[in-house]
Amino acid sequence: MTFRVPRTSPILMKHVYRKIFPAVESELAYWEKRANDIPDKELRKQALDSIHTKKFHCQGGSVYSILAGSNWKEAIRFIVAYQTISDYLDNLCDRSTSLDPTDFQMLHQSMQDALSPGNEMKNYYFYRKEENDGEYLSDLVRTCQNSLRTLTSYQVIKDYILELEGLYADLQVHKHVEEEERIPRLQEWHENHKQKWPYLSWYEFSASSGSTLGIFCMVSYAMGEKMSEHLAALLFDSYFPFMQGLHILLDYYIDQQEDLAEGDLNFCNYYQDADHMKERLLFFIEQTNKHVQHLPNRQFHEMVHNGLVGLYLADPKAGKLEGGKEVTKTLLQASGLRSSFFYLNVKVYNKWKK
């Protein structure tokens, strides 16, 4: 089956629920079985927890498989494997037995290798005591490499996806070290990139680096044999920082109370006040919409943008925040009717699941 890129939200949701989500479930079932066979108890726990609690990351990312046309299943295979690496490593760093940046860098070398078909496997656990994962992480890396190996336009997207991966990996290292080192490291890191993106604060730059959407978008287009030098540059500039920043800032926005209770770093806490935060979220919404107007399949990228806003604001956590209802109303109005469609759709879907 080949997907045509949907032009309306209801058609997109039909594809998502009937085709994409079942394919994601199938891929995750395979990796869950592999995770169950991990010999080391701690690595097994973190691998299984990452699959059970972060499945929605794979579901959301796999929407981009529509751009791959007849290769949509291969795109899902890549997206699920790559996102599973990301979620697994996030768990290992968040609940780490070490706070060693060298350890975190070595773990995230796997994400660079996953995007580099010619790279050999390494001992990604070299700097930690838990090592025996039964080749789980290496098999995830090999799956991604195999998906990319046959891409005729891999060289066109290579530098862009590796830059996005490098920013993501740097963020994960800096935000998981000793607590007193985190903010200074993130601020210094931002200073080194400030010339290229001067309109971002250090916490907005960090948030924009924390998404995998740009990689999924480029790989899916390449799998659909629609990639060119011009398109790759357009996609990078559209997704970083705005689409990716909007994605992660909304994620942090709804998690404010949870992160406060658990003492976790939350980038939304660094705005001057609630009004400043709302103003900047509106800026990211406006800039995301502006930049996707120049992309092919514009309606698809608009729907992803609208879907992000609707999806996150429909989360029950958003309504429990101080001023949450007002912020939700303002952001939905700024995003347009399709965001309200996704918002109501997710609300109904969540009730149906219960």
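Gln 83 is buried, with a relative accessible area of 5%, where buried means under 20% relative accessible area, exposed over 50% and partly exposed in between (1.4 Å probe, protein chains only). This is a predicted model, in which local features need pLDDT of at least 70 and side-chain atom pairs count only at pLDDT 80 or more, while totals for chains, interfaces and linings use all residues. Residues are numbered from 1 along each chain as its sequence is written, and side-chain values use heavy atoms, with hydrogens and water left out.

Gln 83 lies in helix H4 (residues 72–94), helices being DSSP runs of H or I with at least four residues, numbered from the N terminus. Leaving aside residues up to four places away in sequence, Gln 83 touches His 57, Cys 58, Thr 212 and Phe 216, contact meaning heavy atoms within 4.5 Å. With the same exclusion of residues up to four places away in sequence, Phe 78 touches Leu 115, Cys 144, Ser 147, Leu 148, Ile 215, Phe 216, Val 219 and Met 223.

Phe 78 and Tyr 64 have the most contacts inside the largest nonpolar core, which has 117 residues; such a core is a set of buried Ala, Val, Leu, Ile, Met, Phe, Trp, Tyr and Cys residues joined through side-chain atoms within 4.5 Å. Helix H11 (residues 229–254) supplies the largest share of this core, 15 residues. At least three residues of this core come from each of domain 1 (1–226) and domain 2 (240–353), the bounds being taken from an automatic or database domain assignment.

Methods
Helix = DSSP H or I, 4+ residues; strand = E, 2+ residues; numbered from the N terminus.
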